[in-house]
Amino acid sequence: MKIKLIASALATVFVAGCGQPEPQQQTQPQAQAQAQTQQSPLENAQQDQPELGSFGVDLSARNESVKPGDDFFMYASGTWYDNFEMPADKTRYGAFSLLAERSDDQVKAIIDDIAAREDLNAEEQLIADFYNSFMDVETLNALGIKPIEPLLNDISAIENTDQLTKVFGKSWLNGVSAPIGGGMWFNRLDPNEYQISVGASGLGLPDRSYYLEESERFEKTRQAYVAHIAEMLKFAGKDKPVERAEAIVALETKIAEGHWPREKRRNRDLTLNQIERSELAKEYPGFNWDVFFAETGYQVPHLNVSQPEPIKAMIELINNEDLAVWKDYLTYHAISGNASLLSEDIYNTNFAFYGTHLSGQQQPRDRWKRAISQMSGTTSLGFAIGKVYVDRHFPESSKEQMSELVENLRTALGQRIDNLDWMGEETKVNARAKLAAFVPKIGYPDVWQSFDGVELSNNDLMGNVTNLREFFRADSASKELQKTDRNRWGMTPQRVNAYYNASFNEIVFPAAILQPPFFDPNADPAVNYGGIGAVIGHEMGHGFDDQGSKSDANGIQRNWWTESDRAAFDAKTDKLADQYSQYEPIPGNFVNGRNSLGENIGDVGGLAMAYHAYKLSLNGKEAPVIDGVTGDQRFFLAWAQVWKEKRTEQSMLNQLRAGTHAPGRYRSLAPRNHDAWYEAFNVQEGDKLYLKPEERVRIW
């Protein structure tokens, strides 16, 4: 499924993730009624009935008037799609969204239970205090912009580039944007070591294309962005706000011009540029790296520069652009970046642009949901909440069943590697070694995050966020020169997602995704293999996608391929990139098959692995027909309904330009590369999704 380089990298992940929170519903009223009555897997397991339908798939979502071979997405989910009304506080909705809402409801119940008690332990008190501080709207509205006035004063006092650099270096704490950023990750040449990585950043719009494309759509967005910045600057009492806003957008346009396109930024060969700290100033002169790193809290004996040319371009801008414009840039981003922690008028002004204009969201989420979102990250109280979540909502039986599925998928992929006709034996030896070394993490961490030393207040939201940022940064910095911690998780248990971490060669499945439609202990096996089985295969597939395949069994980035095998692999992946690049969700705006290639390899390959494992599970027997649906049909329907979604056009555009995944509608079409799908649904030449056998991409 789903991923990133972050400022506090110990608690986040540069990983391939399963997917965007997505699909699964009826109409809005039906979905709301369902949400009120749905049970956790622990509760539902006692009934021995699948949550969805008679075998684990919602057949009522189908539109059987659509030929599967013309539009498998609409065949599998068309009735749902045509009747579902997008909630006003959503930009997309589907299975991930449903489970995310369920998780929010469960976390809210946990917090409510904590609030009703007086005998709280230390971590429960932190949860209660943070939640109360976020929900104390009266105090926040009275304070207005005051919580960030010290930061704004520091920005106003900047008189030279060293002072500017100092604020850039402190962006991890202050929530501001900076043209140079990064964090601690793993040394890609030695995963037992941590290493700081830096790259170019600093944009306020989702992608460089929003600044550089000359179309009416993007021109209107840039005009709206100028107006938005001007409104935000008024909160800081700035005169001539429109003129200042225009200068800020002009500066960000120059930043965008210096950035690499996204498909280039994901190339692991190009982004591995290690350098000793002592050589940094020689290779990248004109920037006071000592001042910058002093503010990060890290020692940085050596580092990785992920984007060499863009870093040089950012340094040139820092030195040559008007200091007054940089100060206005920081002022705007200080307000916008912290808007969710300030008064409602500031938040709503920020939401009007980022929520409504950019994403099509008609109204903000309920405040309690925003509180949970703020609390649930890996650099907040996510693991403190997750510990209770697991106790309440994740049965050990699900972990055991999931472990068995992982091993079944491992066996299936091993057999598929053995039978590859395009890969030679020398490379297969390395591929088998990498597969054998995969480390699965299921449900929750074996070692929980400690919160010793954290102090929070029930009426100081900004102070609480600052304290947590400082706590996690200090924790990260204290580990910088130590051996890497392989017990660390990059997602909390209540997160509906999954990921692959190439440095540890690990696949990670948080507890919250192990629910219908992905996984149901009472569903038909075909459904679980088509759902969570394909997700497992997807994550395994990331270890063998166009970028993950550049690391070996030990997580070391190196070439373990023969030249001819790599060429054969690249030919197949190029073909898949071309296939996905033909999808046109919005007129004139196509899926970026190159930028989404890793995810598409994961989908197509993961589906093949899951189908293979499903067939192995039948032990040569024929699967029964249930409700008129064959085993193979159930398998592919389960996959398609995992990825059903509805989204606003603005959200779709954001996904096309700034996301690494194809939209769910097109992820559901991965089966068109599998012969069994054609047989299961009688897809024939002339059908819109039909691919000739030689055009079907078979990699893993």
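Modeller: Start with a term: two strands pair if DSSP finds at least two bridges between them. Keep in mind that this is a predicted model.

Colleague: Which residue stands opposite Ile442 in E9?

Modeller: Strand E7 covers residues 439-443, and five bridges join E7 to E9. These two strands run parallel. In E9, the residue opposite Ile442 is Phe509.

Colleague: Do E8 and E9 run parallel or antiparallel?

Modeller: E8 and E9 form a hairpin with four residues between them. Asn505 in that turn has a positive phi of about 50 degrees. Tyr499 stands opposite Val508 in E9. Three bridges join E8 (residues 499-501) to E9, and the direction is antiparallel.

Colleague: How many residues of strand E9 are buried?

Modeller: In a regular strand the side chains alternate between the two faces of the sheet. In E9, Glu506, Val508 and Pro510 point one way, and Ile507 and Phe509 point the other way. Residues on both sides are buried. E9 (residues 506-510) is mostly covered, and the buried count is five of five.

Colleague: How many bridges join E3 to E4?

Modeller: A hairpin joins E3 to E4 through two residues. The strands run antiparallel. The number of bridges between E3 and E4 (residues 190-200) is eight.

Colleague: On to helix H12. What span should it have?

Modeller: H12 holds 18 residues, 241-258, counted at 1.5 Å a residue.

Colleague: Which helices do the buried residues of H12 pack against?

Modeller: The buried residues of H12 include Ala245, Ile248, Leu251 and Ile255. They pack against helices H10 (209-212), H11 (216-234), H16 (308-320) and H17 (323-337).

Colleague: Why are H11 and H12 called oblique to each other?

Modeller: Two packed helices are described by the angle between their axes and the distance between the axes. The axes of H11 and H12 come within 8 Å and cross at roughly 125 degrees. Roughly perpendicular ends at 115 and roughly antiparallel begins over 145, so an angle between those limits counts as oblique. H11 and H12 are therefore oblique.

Colleague: Is the crossing of H11 and H12 left-handed or right-handed?

Modeller: The contact includes Tyr225 and Leu233 of H11, with Val242 and Val249 among those of H12. The crossing is right-handed.

Colleague: Last one. Is Glu101 buried or exposed?

Modeller: Glu101 sits in helix H4 (residues 95-115). Leaving aside neighbours within four places in sequence, Glu101 is in contact with Lys90, Tyr93 and Lys369. The cut-off for buried is under 20% relative accessible area. Glu101 has 18%, so the answer is buried.

Terms used: Residues numbered from 1 in each chain as written. Predicted model: local features only at pLDDT ≥ 70, side-chain atom pairs only at ≥ 80, totals over all residues. Heavy atoms only, no water. Expected span 1.5 Å × (residues − 1). Buried < 20%, exposed > 50% of the residue type's maximum accessible area, 1.4 Å probe, protein only. Contact = heavy atoms within 4.5 Å. Axes fitted to C-alpha atoms, helices over the stretch in contact; angles between N-to-C directions. Parallel < 35°, antiparallel > 145°, perpendicular 65-115°, else oblique. Left-handed = near helix turned anticlockwise from the far one by under 90°.
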